[in-house]
Every structure is written in structure tokens, then in C-alpha cells.
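Biologist: I am new to this structure. Please show it, and then take my questions in turn.

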Amino acid sequence: MAERSFTKEVQDLRLGAGQEFRGEGILAITKALLECGVGYVGGYPGAPVSHLIDVLSDAEEILDELGVHFEANASEAAAAAMLAASVNYPIRGAVTFKGPVGANVAADALANLSSGGVMGGALVILGEDYGEGSSIMQERTHAFATKSQLWLMDPRPDLPSIVKAVRDGFALSEASNTPVVLEVRIRACHVYGAFETRDNRPPPLTVREALENPQRRTDRIALPPNTYRHEIEKVTRRMPAALDFIRERGLNERFGEGGEVGIILQGGMYNSVIRALQRLGLADAYGETQVPLLVLNVTYPLVDSEVLGFCRDKKAVLVVEEGQPAYIEDAIAAALYRAGAGCRLVGKGTLPMAGEYTGSVLMEGVTRFLREHGERHLPDAERAPGDGAPETAPPDLSDIVPIRPPGFCTGCPERPIFAATKLVEEELGAHHIASDIGCHLFSILPPFEIGSTTMGYGLGPASAAGLGVKGGRRSISFIGDGGFWHNGLTSSVGNAVYNQSDDVIVVVDNFYAAATGGQDVPSSRAASAARSTQHSIADAVRGLGVTWVREVDRTYDVGRLKETLTEALTTPEAGPKVIVASSECMLNKQRRERPRREQAIAAGERAVVPRFGVDEDICTGDHACMRLSGCPSLSVKTLDDPLRDDPVAAIDESCVGCGNCGEVAEAAVLCPSFHRVDIVRNPGRAERIAARLGGALIGWLQARRDRRRLVFGEGG
Amino acid sequence: MSAPQVIKLAILAVGGQGGGVLTGWLVALAEANGWRVQSTVVAGVAQRTGATIYYLEMSPAAERAPVFALAPSAGDVDVLIAAELMEAGRAVMRGFVTPDRTTLIASTHRTHAVAEKIVPGDGRAPEAEVFAAMETAAKRLVTADYQRAAADAGSVISASLFGALAATEALPFPRASFEDVIRASGRGVDASLRAFEAGAAGDVPRPEREEEGEAGPCGPARLMAEWRALETRLGTLPAPVQAMAAAGLRHVVDFQDPAYGREYLDRLDRVVAADDGDFALSVAAAKHVANAMAYDDVIRVADLKTRRSRFDRVRREMGLGPGDVAHVTEFMRPRVEELCGTMPAGLGAWIEARPRLVRWLDARINKGRRVRSDGILWFGLLYALAAGKRWRRRMLRHRVETAHLERWQALVLETARTDRALAAEIVNCRRLIKGYSDTRARGEATFDKVLAALPMLDGRADAADWLRRLREAALRDEKGEALEGGLKTIASFAGEAAA
């Protein structure tokens with residue numbers, strides 16, 4: 001059911017020693033896992049590692065052949081908890097989720113895991129969702145590494161380096177009995193490149209074999225007094241072992257020699273820093289640099305001796321560390337100070353404290369650093385700013401170019417839910433509305449502007465609890481099917497039942513986790529051979545004690561949704577009111593059905609293709625319909641008519657005929673200009689004859705009328 | 001240090017436009033020519049209809065792998081492909097297009113952002129400044145409506161943009177190599193190649209649609225004679241007014257009959273008599289009196305829905321051939337107001353004066369009705385309804401609309417005696433009244449609210465300017481926040497003047 005199928009690409013997972021793999025970063029990571037003899041994998045989808053779950057799902061055949069166990073976990077917590085299999089058994093395990101929000105959810109399990117430590121290599125592949133294209137609050141996962149003592153890797157963003165980091169990560173984890181987080185940034189996850197493959201390796205001990213010989217070590221369990229020993233062990237045994245390993249295996253890299261200045265950077269920043277140096281004429285296309293670099297492919301722990309060695313003969317070093325707080329820079333500062341080193345440390349300040357380190361930001365920061373501390377490196381033009389060609393600022397079009405945030409797709413089944421909500425609010429007044437994580441959060445943007453807060457995945461209804469006094473105006477909270485099964489069933493619905501909430505909960509069900517690309521959830525409508533699906537959300541909430549449950553099985557029925565919401569807000573019945581509003585994600589549905597339909601039409605089968613239209617002479621150009629839609633296919637156009645001041649509505653060929661326009665026009669009593677055209681492809685004989693007869697009769701009536709009045713051309 | 005050539009290419013698109021496909025083709029193209037290539041995209045939620053960047057770097061094959069960046073930098077892009085006009089503007093604004101090196105390929109079509117569409121007036125971003133900025137910023141600028149080029153070929157914009165890129169020769173690969181990549185992609189190859197061809201050719205002027213309207217109407221001899229008389233009267237109007245008056249006349253005659261056209265010209269004559277100079281007031285009146293007289297009542301809607309020209313338009317818009325079958329479903333929701341509006345004025349008003357009866361009736365008729373206007377039954381009903389036109393002048397709606405028009409026109413004529421510019425702005429305020437049911441009621445309320453500022457503007461030299469500003473504010477947002485702000489400003493200086 002996933003949005004994107006990797007069935008073709010996963011065949012590359014079978015490549016053997018000395019062959020070349022070409023593809024995306026996440027697929028390369030999957031291949032590397034198999035080469036490392038991983039015993040089990042799991043994870044929870046979320047950009048930028050959603051496709052990793054899809055790849056693993058599509059690769060189950062290969063995983064089975066190798067004896068690798070795969071779970072599509074219910075949440076990041078479930079995924080992290082799964083790494084418990086590496087505590088007592090020498091089995092390598094890997095899980096994936098996004099950071100830092102996934103790490104937030106997984107934090108409990110990660111802390112327990114790292115307390116006792118691991119025997120088999122345990123790897124968390126974490127997609128760091130930071131910078132342009134990110135969909136979450138801008139934070140760093142780094143803090144989780146330091147607080148729970150997990151090693152954090154941030155490899156250079158090219159396929160050979162990322163693949164090497166997977167191999168190194170497992171070895172580092174085993175050498176130091178510590179779980180390792182392999183952080184991969186958004187663009188690195190989706191970077192297309194190549195690397196040389198090795199043979200896949202079946203796990204030396206499979207999960208099945210381990211189960212036959214259960215092992216336990218009481219001292220690994222996080223319970224006092226073990227926990228006190230664990231903490232000591234972390235610093236006396238595991239940390240030194242990790243530092244030795246990182247140093248001896250050369251996980252961090254040095255480029256360029258000599259010079260009185262240098263740059264210490266996160267591995268993930270390498271390509272951008274090289275680009276800045278290239279543009280300054282200080283590095284060539286292959287990364288041969290005149291300014292020495294210390295590239296930290298492991299960003300925690302910091303190997304002090306490497307840092308001190310790098311800084312020894314330098315006047316100043318620049319630390320390139322994206323995001324804040326500046327954990328790495330602070331650690332380097334402490335190391336230099338403790339060693340009494342005279343090297344000047346430059347970082348935040350010369351580079352911005354916060355925000356993505358884009359090419360331009362780094363170009364500016366590196367230039368400034370060199371101008372102040374290493375001028376002899378700089379080309380003449382950069383040494384004396386103001387000379388040479390004046391830099392022209394790009395034209396400022398910010399007042400003209402409209403912002404274009406992501407929003408509901410054409411035909412999205414969530415649009416009518418918010419159209420109905422907006423209409424209900426017009427009648428019953430404004431309500432406190434709590435939002436959740438998922439595509440439905442786009443409701444906060446125009447044209448709906450619905451929703452006041454989002455407090456975390458599956459926590460929408462829970463976040464309305466603070467305003468949950470009885471007897472007053474009820475709050476409405478939204479939660480997606482993904483969030484519902486992730487955490488919402490207990491944290492949100494259970495909480496509402498237990499605390500006798502009277503508020504309204506709308507579960508937005510689009511048949512699977514649509515926002516992350518269509519991964520299955522327990523309530524997925526489609527049957528799945530590999531997973532147990534088709535578990536009813538309504539039954540689940542009833543099982544928890546909700547008595548007022550309504551299911552609307554076609555969200556495009558705006559009238560019915562409006563009535564149901566109104567009833568939920570006004571019914572005297574006590575307890576939470578749960579509305580399950582279900583319709584399939586249109587993006588995925590179209591991707592699946594359109595090619596099928598086109599094939600059928602090409603084969604001569606009868607098919608009905610619906611599309612909406614607007615009568616331009618009936619539309620008055622008030623755009624009320626768009627304030628209840630925002631659909632990409634419903635837009636405005638100028639009429640060739642001097643009497644019209646405002647553009648009228650128009651629907652383009654991308655319309656999928658979802659019905660929202662007609663339903664909204666009807667429910668909101670907008671205007672009669674919308675119409676649905678059901679185009680019948682390959683109509684049957686009887687149908688054609690009936691259409692011809694009806695058309696002839698209508699044509700006769702039209703001609704009759706036209707004979708009796710003045711008929712103007714179009715636009716009259 | 002040797003400096004192998006690295007070509008940096010960025011694509012700015014709206015999520016869903018197929019930027020991923022284009023990126024995939026570019027990777028295949030570079031590899032087919034033995035180049036090293038790296039591409040990056042940001043997939044996921046960020047892609048859902050939002051602005052999205054795809055980025056590629058490529059260089060000739062060499063022993064060692066070059067270090068490629070993962071994102072474009074300002075001032076460091078060789079080829080920028082923008083799949084939409086405002087995305088081209090965004091690229092320029094972000095510094096990705098620079099005169100020293102960037103070839104900018106931009107599609108000139110618009111995909112309007114939500115913010116542009118929801119404005120009650122015209123919220124569309126002005127395009128001229130974007131075109132000017134592209135001219136200034138790019139080393140080489142190639143523009144065309146690649147969306148149309150692709151759609152006409154039955155394909156998507158990625159194919160026509162790929163063609164445009166091939167034609168620029170900004171990449172050192174032969175055109176045949178581009179085409180081979182499309183052929184190897186396997187899906188919709190023929191349509192893609194047609195779109196590729198069209199994209200490479202650039203803008204082809206579209207054959208102009210025949211100007212049907214200018215030819216004048218046709219109809220029975222008696223009505224044509226009446227029409228010609230009206231045309232003669234048009235010729236007596238001041239020259240600047242004639243074009244708009246001609247459009248207005250056609251509109252009202254089309255709405256009702258030639259007699260209604262005479263009424264329109266009578267009304268216009270009165271305004272013209274009060275006007276002189278550039279006749280801005282009369283031109284505005286020619287437009288808005290016509291719009292006011294041709295109100296959207298049930299009869300009008302039924303008439304428009306059953307016209308042959310409408311049937312033809314629907315088939316044209318949906319791309320239907322003569323043999324194709326299509327069913328058309330209308331979404332109608334008549335309310336008691338519409339029922340009363342089509343009744344004889346006395347009866348309609350009598351019912352409207354009885355709230356309980358109104359509620360009772362409304363409960364019976366006010367529901368969504370989905371009707372098949374291509375079916376003989378519902379077509380017949382709408383056709384019969386449209387025939388009610390002959391009794392229209394006696395209906396309640398006509399009385400209400402005419403009364404409103406009379407009041408408004410009286411105000412205009414009265415104002416014109418002292419301030420013609422202000423009178424013209426009062427005429428233009430009619431633009432605020434549009435839409436159906438609640439939307440229309442809100443429009444009327446806004447119209448009244450704007451005109452209620454007139455006493456505060458009385459005698460001011462800049463009264464017309466202020467009224468224009470108020471109207472523009474009212475068209476900016478539905479909630480009327482901008483209008484409230486404008487009214488407060490006026491109230492404050494009016495208060496000062498009074499004090």
C-alpha cells in the first residue's frame with residue numbers, strides 16, 4: 001500500500017562483492033545492514049527515513065532468505081525496545097526512525113537499553129529532520145546521545161561514507177557494549193550515488209536460534225543496584241573502549257596538512273564546507289584542501305586527543321556544528337582549556353547560532369573566519385571586501401512571490417472534514433480545536449485556519465484535556481489513524497474516557513499512514529499478507545469505554561459530517577464523542593487506480609471518469625468556494641469580458657472528481673456553478689443510443705428557444 | 001589544482017509536478033553519457049503541494065569521485081529549471097539565478113497559491129515584476145508555457161521542461177541522448193516525446209479563437225430590428241463610453257430582451273448627462289448598471305444551464321469528442337428566498353412577511369438537489385423554469401433588485417452634482433455585491449458598510465480616493481479586517497474635523 005514501491009530497487013540488495021550499487025542513501029543503508037550480518041531490523045516511518053521502512057517491507061523475501069527478522073513497529077518506542085534482543089544475545093540489530101521527535105518517543109527504551117548496555121551491535125538509524133524541507137520543530141538529537149550515553153555518528157554525506165559508518169557503527173557498538181545512533185540528514189537520506197558492495201552475510205546467530213537457547217544476565221537489567229554499577233561502567237569501561245576504537249580505527253578523518261588555521265566539522269557538514277572552500281579557491285573538485293580539516297564522523301564521544309592533536313600547531317580553528325546548543329564546540333572548548341592549549345576557538349558567532357548551515361551561510365562564515373584568522377589563505381578578492389566587482393543583491397520579490405507551504409493534495413479526503421468543521425463553526429461559533437501530527441495538520445493554514453496547537457504524535461485529544469471542564473463549550477480535537485495507533489488510543493482516547501471528558505475527538509482515517517507515504521497501520525483497509533490489518537478504530541475506542549461513536553465512511557459527505565459534528569457538540573450524552581471519518585488518501589488511490597483505469601480504457605472496457613467543472617457565466621468571482629477548499633485543481637482565471645472585475649473559479653484537468661466542490665457548494669449554499677461531469681469511456685451501445693436520443697431532443701428544444709430570441713455568442 | 005567541470009542544476013517545482021521524474025531523467029542522462037552525477041530531493045510531507053527543490057551536480061568521468069554538494073547555493077547554479085512562474089521568482093529571490101552563469105528555464109504558467117485564491121477580490125500576484133527580475137538575474141532566459149505545451153501533448157511538465165533543457169544546450173549531451181532517456185523510462189513514452197518536442201520548440205502561438213461575440217446577435221426579424229435600434233443609440237453615446245456600453249447592452253439584452261436594453265440605455269443616459277471630461281463615471285456606470293440589472297436569479301441560472309453554448313463549452317472543457325458520452329450533474333440548493341423571488345411580487349412579499357410560513361416552506365425545499373441536466377426530465381424542468389423569463393418583471397426578485405438599483409443610482413446622480421470622481425467610486429462599489437445566498441448577503445452588507453462612510457467623507461477633496469481605498473480593503477479579506485481598519489482611520493480624521 002506504500003506510496004512508492006521499491007520492488008525493483010530491492011533487487012540491488014542482492015549485489016555481491018566488488019559490484020557497484022547505484023541508488024538512494026536509504027537503500028544503500030539497507031544494503032549495508034545486510035552486508036554486516038544484521039539479525040533483526042525494525043522501525044517506525046517518518047521523513048526522511050519513511051522509505052527505509054518501505055524498502056525493508058518490499059525486501060522481506062531477501063530478509064527471509066538471510067534469516068533476518070523484520071518488524072514494522074507500532075512506534076519509535078516499540079522500535080527502540082526491540083533492540084533489547086541485542087542485550088543478551090550476540091545478534092546485531094538495527095532500527096530506524098526520525099529525529100529528534102522519534103527519539104523523544106523512544107527515549108524511555110533508549111535509556112533503559114543504554115543503561116545495561118548491549119552485547120550484539122545495536123544501531124539506531126536516525127533521519128535527522130532539520131533544515132529546509134523539515135516538517136518538525138528544529139532541535140537536535142545530540143542531547144539524547146549525551147544524556148543516555150549512546151554514541152552518535154554523523155558520517156560524511158556520500159554513499160561510501162554512509163555505508164562505512166554502518167559497518168563501523170556495529171563494530172563500535174560491540175567494542176564498547178553501547179548502542180550507536182547513526183544520524184543521517186534529510187538530503188543524505190535521499191542522495192543518489194554509488195558505492196562498491198560486498199556479499200550479504202547471514203547473521204552468525206539468528207533470532208530463531210537465540211530463542212531456542214534463552215539467555216539472561218540479571219546484572220544487565222536496569223534495576224537498582226545494577227543501575228548504579230551501570231553508570232560507573234559507562235564512564236570507566238564503555239567510554240574508554242569507545243574512544244580507543246574510534247582512534248584506532250580512524251573513524252574520524254583528517255584532510256589537508258599544515259597551515260595555521262583549520263576547521264573541525266561534523267561529518268554531515270563535509271560536502272558543504274568543501275564547497276565553500278572550492279568557491280574560495282582553497283579546495284579542488286576532489287576535496288584536496290589547503291585548509292586542514294578534522295571531520296568528526298563520530299560527534300559523540302569527542303576524542304580529546306584527536307582534537308588537541310589537530311589544534312596543536314594552529315593559531316585558530318573554526319568549529320562547524322549545525323544547530324544549537326553548540327554541544328561539540330563547548331566540548332572542544334573544554335578540552336582545549338583543560339589542556340591549556342593556546343589555539344583560538346571560533347564557531348557560533350562567526351557562524352550563526354541557529355538555523356540551517358546552507359551553502360551561502362557556510363561561504364560567508366568560512367570567509368569571515370579566514371579573513372580574521374587566516375588571511376594568507378584567502379584569494380585577493382576576498383581579503384579586501386569592497387574591492388572588485390560589487391556584489392549585487394538578488395531582486396527582492398518577497399512582497400510578490402506568494403508563500404507556498406505544503407497543503408492538502410488534489411482530492412484529499414481530509415479537506416471536506418475541515419470544510420465541514422468551518423461550516424459548523426459558522427453556525428455554532430468558534431471552538432477550541434486541538435490538532436495532531438499528520439497531513440491533517442495542514443488545517444491550521446489558509447483557507448481553513450483550524451487548530452490552535454499540536455503537542456505531539458497521537459496527543460491531539462490529550463492536549464485538549466487541560467481545557468476539558470464539563471458543561472461548557474466542548475473542544476474538538478483531531479487525530480490521524482497513524483497517531484491513533486501510535487500513541488493516541490491510550491494517551492488520548494484512554495485519557496479522555498478515564499477522566500470523563502465530554503469533548504469531541506475526530507479520528508481522521510485515510511486507510512493507512514498517508515503522510516509518511518502509505519505505510520500500513522492496524523486499521524488499514526487492505527488485507528496484508530505480511531501484517532494483520534483491518535482492525536476497526538471504532539471497535540477499539542468502544543473497547544476502551546467510549547459509548548458515543550459515529551463512523552462516517554465517506555468524508556466527502558460534507559452534509560453528513562456537518563450533522564455529525566453538530567450532534568457531537570450538542571448531544572447531552574456524557575463521555576467523549578468519537579467520530580471516525582474515513583476515506584482513502586487520494587494521492588495513493590490515484591497512483592494505484594489511475595494506471596489501472598487507463599489500461600482498462602485502452603483495452604476497450606467501459607469506465608466512468610468523474611471531473612468537476614465551473615460554469616464561468618454563473619460564477620460571480622466571489623471565491624467563497626476556495627475559502628472552503630484550497631484544492632490545487634480549483635483555481636482562478638480571468639474572463640475575456642470587460643464587465644468582470646474579478647477572476648472567476650476554474651477547475652483544471654488535474655481534478656480527480658472527489659466531490660468536495662459540489663458537496664461544499666451544497667452544504668454551504670454557495671452557488672450553482674459547480675457541476676460534475678461523468679465522462680463515460682467506451683460506452684455501451686444502448687448507452688450511446690440513449691445519449692444520442694436525449695441529445696437530439698434537448699438540441700431540438702434549444703433550437704426552438706433560440707429561434708425566438710436574440711442569441712449572442714459566448715461571453716454575451 | 002585541476003578543475004574538472006562541475007555542472008550544478010536546480011529544479012524548483014510545486015510538489016506534485018513531477019520534479020522527481022525530471023531528476024531521475026537527468027541522472028540517467030548524465031550516466032548514459034559516462035558522467036558522474038549526484039541528485040538530492042526532499043521527499044515526504046514537504047512535497048505535498050508545497051514549493052520543493054531538487055538538486056543535481058554532475059561532472060565528466062574521472063578516476064576519483066568529486067565532492068558534490070547536496071543543496072544549491074546562492075550564486076552557484078549553472079542551470080535553474082522553474083516549473084512555475086512564481087517558483088522562478090522564488091529562485092531569483094533566493095539568489096540561485098545570477099547573471100554570470102545561470103541559464104534560467106522557466107514555465108510562465110501560474111499555479112496559484114492558496115493565499116492568492118481565497119481573496120474576495122483579485123489576489124493574484126503581479127507577474128510583470130517577476131519577468132523583469134528574471135531578465136535582470138539570468139545570464140540566459142528561456143521562458144514558455146511548458147505546462148500548456150505538455151498538456152497539449154497529453155503529458156506532464158517534466159517532459160516539456162526536459163525538452164527545453166535539451167534545446168538550450170546548457171548540458172553537453174546530444175539531443176538524441178535526451179530522447180533515449182525518455183524512451184528507456186518505459187511509461188507514456190510517446191506522449192512524453194511529444195511534450196519533449198514541444199518544450200524544445202518553446203512557445204508556439206495558439207490559434208486565436210474566433211471572436212464570435214463581435215459578430216452581433218442573430219434572431220427573429222422583429223427582435224433584430226429592435227436590436228439595431230439599440231445599436232444606433234449606442235452610437236450617440238460619448239466615444240469613451242461606447243465600448244463598455246456595448247458590452248453592457250449585450251449583457252442585459254441577453255439577460256432579458258431588447259426592451260430591457262432600452263431601459264439600460266435610459267439609465268446610462270441619465271449618468272452621461274451628469275458627466276463630462278473623461279467620462280470615467282459613465283464608463284463605470286456602463287459596467288456596473290449592466291451587472292446590477294442582470295442579477296443572478298433562478299431563471300438566469302436555469303437559462304444559462306440549458307443553453308447550447310453551455311453544452312458545447314462543457315464538452316470542450318472536458319475534451320470530449322462527438323461520440324463520447326458524458327453525464328452532467330448539477331449541485332443546486334434552492335431556498336425559500338429563491339422560491340419567493342420567482343413569485344409575483346405581491347405574493348412573494350406576503351409570504352416573506354410571515355416568518356413561520358417562511359420557515360415551514362424552507363424546511364421543505366431547502367436541501368441539496370443533485371440533478372442531471374443532460375437528462376430529459378431535469379433538462380425539461382430547467383428549460384421550463386428559464387421560460388419564466390417573460391414574467392420576470394413582475395417577480396419579487398425583480399422588484400427588490402430594481403429598488404436597490406434605483407436607490408444606488410439616485411445616490412450616484414446626487415453625488416455627481418458636486419463630486420463626479422466620488423460618484424464614479426460609488427458606482428465601482430457595486431463590485432462588492434457578488435455571489436449567491438449568504439455570500440451575496442455579506443456582499444450587500446459590505447457594500448452598505450462602505451457607503452455608510454460617505455457622510456464622514458462629505459466635502460473632502462480626497463473623498464473619492466478614500467472610498468476607493470475602502471473598497472479595495474473590503475476586497476482583500478473575507479472577514480473585513482482591512483475594511484474595519486480603513487473605516488477606523490476615516491472615523492478618526494472625521495472626528496478631528498468635527499472637533
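This is a predicted model: local features need pLDDT of at least 70, side-chain atom pairs count only at pLDDT 80 or more; totals for chains, interfaces and linings use all residues.

Biologist: What separates the centres of domain 2 and domain 3 of chain A?

Modeller: Domain bounds come from an automatic or database domain assignment. In chain A, domain 2 covers 253-383 and domain 3 covers 424-588. Taken over C-alpha atoms, their centres are separated by 49 Å.

Biologist: Is M586(A) buried or exposed?

Modeller: M586(A) belongs to helix α22 (residues 586-602) of chain A, helices being DSSP runs of H or I with at least four residues, numbered from the N terminus. A residue is buried if 20 or more other C-beta atoms, placed from the backbone, lie within 10 Å of its own, exposed if 12 or fewer, and partly exposed in between. Because M586(A) has 22 C-beta neighbours inside 10 Å, it counts as buried.

Biologist: Which residues of the largest nonpolar core touch the most other members?

Modeller: A nonpolar core is a set of buried Ala, Val, Leu, Ile, Met, Phe, Trp, Tyr and Cys residues joined through C-beta atoms within 7 Å. The largest one has 192 residues. Those that touch the most other members are A80(A), W151(A), L182(A) and V273(A).

Biologist: Which residues does the second, separate core include?

Modeller: This second core is separate and has 100 residues. Among them are C409(A), V664(A), V298(B) and I299(B).

Biologist: How many residues of chain A and of chain B does the contact take?

Modeller: Two residues are in contact if their C-beta atoms, placed from the backbone, lie within 7 Å. On the side of chain A that touches chain B, the largest share, 10 residues, comes from helix α24 (residues 685-707) of chain A. The whole contact takes 104 residues from chain A and 119 residues from chain B.

Biologist: Which residue in β7(B) stands opposite H675(A)?

Modeller: Strands are DSSP runs of E with at least two residues, and two strands pair if DSSP finds at least two bridges between them. Strand β24 (residues 674-681) of chain A pairs with strand β7 (residues 325-332) of chain B in the antiparallel sense, over 6 bridges. Opposite H675(A) stands E330(B).

Conventions: Residues are numbered from 1 along each chain as its sequence is written. Chains are lettered from A and ligands numbered from 1 in the order in which they are written.
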